Protein chains: 2
Amino acid sequence: MQEILEEIVKNTPGAKGAILMGFDGIAVMQHVAEGAEDTDIESMAMEFSFRITELREAAQSLEMGGLKDIMLRAENGTALIRVLSDEYFVAVFLGDTGHLGKGRWILRSNAASLADEL
Amino acid sequence: MQEILEEIVKNTPGAKGAILMGFDGIAVMQHVAEGAEDTDIESMAMEFSFRITELREAAQSLEMGGLKDIMLRAENGTALIRVLSDEYFVAVFLGDTGHLGKGRWILRSNAASLADEL
């Protein structure tokens, strides 16, 4: 799984790191990009994990079904989040210049392998 | 503003409707696509408005800066949300077959005109 996270970060231009986390906010493992060691992706993912849980409940109650992907674009960075199972998600954090489309594609194409190993 | 919402819905393939709402959950106006009259986009947007407020606070506290765009993709539909100002956002709801890229582009290119009229 560590290798998959590394692969995601390496292939996503602008990625600062990727993290596999439970919706309870407990990190399974992470990979931070070279030069982005000061980015605390664990705190970032943790901060979002509880909100994602609420969004999932909202989507369910609105008959949108299970939430699969979330993209949050802010002034100084972007978070791409993919739900892997009822309990786990993977998040990639990009700097301002991140290539969203490519990032989402890389995340999607690696999600199955991550979910398989959970 | 009504015309802009209509324009967004018309130009976004798969769009069920677009709505302009305050973060307090109070709708300003909306446009529902022909044939999607049974979709209660007001309730959907309201359900998300409070969660978006929390996500904005999270992004701020993580020094990601102001939240600009949110995309939520679920099994049966997708929500594209764009923050217009501190108080208002516009949301577009797409059915399962919605074209995300085009939807985001249409929303982005109309956001300035909507914000101007607020």
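**View 1. A bridge pair in chain B of the predicted model.** Two strands pair if DSSP finds at least two bridges between them. The model shown here is predicted. In chain B, strand β3 (residues 67-74) is joined to strand β4 (residues 77-83) by six bridges. The two strands run antiparallel. Ile70(B) sits opposite Ile81(B) of β4(B).

**View 2. An open sheet of ten strands spans chains A and B.** The strand order is β2(A)-β1(A)-β5(A)-β4(A)-β3(A)-β3(B)-β4(B)-β5(B)-β1(B)-β2(B). Pairing is antiparallel. The edges are held by β2 (27-32) of chain A and β2 (27-32) of chain B. Each has a single partner strand, so one side of each lacks a neighbour in the sheet. On average, neighbouring strands are turned by 10° against each other, direction ignored.

**View 3. β3(A) pairs with β3(B).** The pairing is antiparallel and runs over seven bridges. Strands of a sheet pair through backbone hydrogen bonds.

**View 4. Chain A meets chain B through 31 residues of chain A and 32 residues of chain B.** Between them the chains bury about 3000 Å². Carbon and sulfur atoms account for 63% of that area. Two salt bridges cross the interface. Arg73(A) forms a salt bridge with Asp69(B). The closest N and O atoms of this pair are 2.5 Å apart. Across the interface, 13 residue pairs are in polar contact.

**View 5. The side of chain A that touches chain B.** Elements giving two or more residues to this side are α2 (41-61), β3, β4 and α3 of chain A. Helix α2(A) gives the most, with nine residues. By residue class, this side of chain A divides into 13 nonpolar, seven polar and eleven charged.

Methods
Residues numbered from 1 in each chain as written. Chains lettered and ligands numbered in written order. Predicted model: local features only at pLDDT ≥ 70, side-chain atom pairs only at ≥ 80, totals over all residues. Heavy atoms only, no water. Helix = DSSP H or I, 4+ residues; strand = E, 2+ residues; numbered from the N terminus. Axes fitted to C-alpha atoms, helices over the stretch in contact; angles between N-to-C directions. Contact = heavy atoms within 4.5 Å. Buried area = accessible area lost by both parts, 1.4 Å probe. Salt bridge = Lys/Arg side-chain N within 4 Å of Asp/Glu carboxyl O. Polar contact = N/O pair within 3.5 Å; in protein donor to acceptor, adjacent residues only side chain to side chain. Nonpolar A, V, L, I, M, F, W, Y, C, P; charged D, E, K, R; others polar.
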